[in-house]
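Here is a friendly walk through one protein model, meant to be read with the viewer open. Please have the sequence at hand too.

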Amino acid sequence: MAAPPLALVAAAIAALAVLALVVFAFRRWWLRRRRQRQRQRRSVQAAAAVPTPVAVQDEDIDRPLLSESREGHSSQSNSFLGSSVGEPSKIQTNRSNTSPISHSIADTGRIYPAECCATQGETHVINVENDASEEFQLGSTLKRTTATNWPTPDQKHRKKVPGEDNHNGSIPMKDNAYHSSLDLEVIAGPSHGISCSRQSSKPSMLPITLGRVPPSDIVLKDSEVSGKHARINWNAKTLKWELVDMGSLNGTFLNSQAVHHPDVGSRHWGEPAELAHGDIITLGTSSKLSVQISLQNQRVPAGVGMASDPMVARRSGKKLPMEDISFCQCPLQGVEQFGLFGIFDGHGGDGAAKAVSKILPENVANILSHPDTKERVLSSSDASDVLRYAFALTEAAIDHQYEGCTATALLIWFDQNKNCFAQCANLGDSACVMSVNGNTIDMTEDHRVASTTERARIARTGQPLKDGEVRLSGLNLARMFGDKFLKEQDMRFSSEPYVSQAVRITRACTAFAVIASDGLWDVISTKRAVQLVAEGKERNTGDSSSVDKVANRVLSEARNLRTKDNTSVVFVDFDILRTDPCIAK
């Protein structure tokens, strides 16, 4: 019996609908399969072109999540300071926008070179649907438009050519006598605030990997950062930290200059670029890292103890920003009969203190490296001219307009009979006191505006202070390194140091010195400091770590008295120091 016409029509419509669904599903599967084959073909081609092996099996890990236009990135420039031979160099260590590079100090035709872990968070993955207009994988996103013109890298930021001289503004290093410390801090971007520190002396902790996902050493929760974006390693041949882009998609920039491969996104690694103190590393467009590099003596000589504490604010209970820099180099580089100890207390930031702590010791060593100068110091037992000249060169070499620092530098040297001499120069209110056979000797002068000697000096400028006036332009100091803007506005500010008389310490003498920032002297007197040291020496007789315990004992006294400023202590025990192999040889 024939089916009703209405039923036949319904069956035909149902069959056509099923067929249309099958065709539509097959077309979607075929297009998706075609796109996958194209992606695989490109991945194979890119992997074959990369000279350095790179893991490409987890493509979604090694690519960033989101991408923005590179347009406008070039405007994020960081001013780049340099100097030419024969010109007074200017060093500015404002982390946000400058990078000190190699510099030199000219003097009557002779050039003196001057030296110059992360909290790992969660990985954020954004699922992105396929779109017919562009092809990309889940967990990654569009490749940013590539700039066609790449700026030529600066002379400093380039791959080291074998055989070249390794100057570049650093201290000449011999026999790995010095090691370098690298501090990285994220100063902009979603992961602002995380930091990481490494020492060149610990190769097991290197290299430092920067990326979006663990196990990177610095994990940046930034959608423009690749899973493995860049890495930093120590080059033992050139004695430099080097940055390498690991084939990132959105590029790596050093002081706004591209250091990745010109074919960005090709997964080719970039060339190594040397890092310098104050550099700014940019990953993509938003994540920026500041670079802080300091040279460290491989060893502190016997007889020297060092201790420091930023202390806490009385009201908030939070730790204060640390602006003290302590220094110890004994023997001095290139002049083995001499040693230098110092404390530099910064204000307005630690930039000036860090710069001075590098430049001043190098200036002293360079001046003493001249045979005639060295012989004159040894024969006259007086290094006052050396210290004054080194301070003047250092002040000329820095260009800190709104930052400054105190400086207390104790220079020691030994004659052929192993008799020791000590002479001190200072700016500001950090101080040094010595004890020789029980006699206390103040080696520094107080340069606070309220001090009698400083008020007398200011009066001699023709602009005496009013009664009760204890500050100049808001500062309680009248002498310091840096603060160039204030010195231009008010001639009463000075960088002329006080230099003490040289103190002779024979082999029969018992002597020690205490150098400390004003955090200590705000709460105890020099007499009390000498007493604390004497008690500590007696209590720790025969202890190999006695000098560190004595330094910490003095520091603890300031902490117990609730000082409200950073406190740093350098303790020098001359009785033990003269037995150090580097001194006794």
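How many helices and strands are there in the protein chain?

## Overview

The protein chain has 12 helices and 28 strands; these are DSSP runs numbered from the N terminus, with helices (H or I) of at least four residues and strands (E) of at least two. This is a predicted model, in which local features need pLDDT of at least 70 and side-chain atom pairs count only at pLDDT 80 or more, while totals for chains, interfaces and linings use all residues. Residues are numbered from 1 along each chain as its sequence is written, and side-chain values use heavy atoms, with hydrogens and water left out.

Of the 585 residues in the protein chain, 49% are buried (under 20% relative accessible area; exposed is over 50%, partly exposed in between; 1.4 Å probe, protein chains only). The accessible surface is about 28000 Å², and carbon and sulfur atoms own 52% of that (Shrake-Rupley method, 1.4 Å probe).

## A five-stranded sheet

Now to an open, antiparallel sheet: its 5 strands follow the order E16-E28-E27-E22-E23 (strands pair if DSSP finds at least two bridges between them). E16 (304–309) and E23 (439–442) are the edge strands with a single partner each, so one side of each has no neighbour in the sheet. On average, neighbouring strands are turned by 15° against each other, direction ignored.

Between E22 (residues 431–436) and E23 there are 4 bridges, and Val433 stands opposite Asp442 in E23. Helix H9 (residues 526–539) lies across E22, E23, E27 (511–516) and E28 (567–573), at about 125° to E27. Helix H10 (residues 546–560) also packs on the sheet, where H10 touches E16 and E28 and makes about 30° with the direction of E16. Contact here means heavy atoms within 4.5 Å, and angles run from 0 to 180 degrees between N-to-C directions of axes fitted to C-alpha atoms, for helices over the stretch in contact.

## Aromatic pairs

The whole structure holds 6 aromatic pairs (ring centres of Phe, Tyr and Trp, its six-membered ring, within 6.5 Å; stacked under 30 degrees, edge-to-face over 60, tilted for the rest). One of them is the tilted pair of Tyr402 and Phe485, at 5.3 Å centre to centre and 40° between the planes. Tyr402 sits in the loop between H5 and E19 (404–405), and Phe485 belongs to H7 (residues 484–489), 83 residues apart.

Tyr402 is exposed at 60% relative accessibility, whereas Phe485 is partly exposed at 32%. Elsewhere, ring pairs join Phe338, Trp413 and Phe421 into a cluster.
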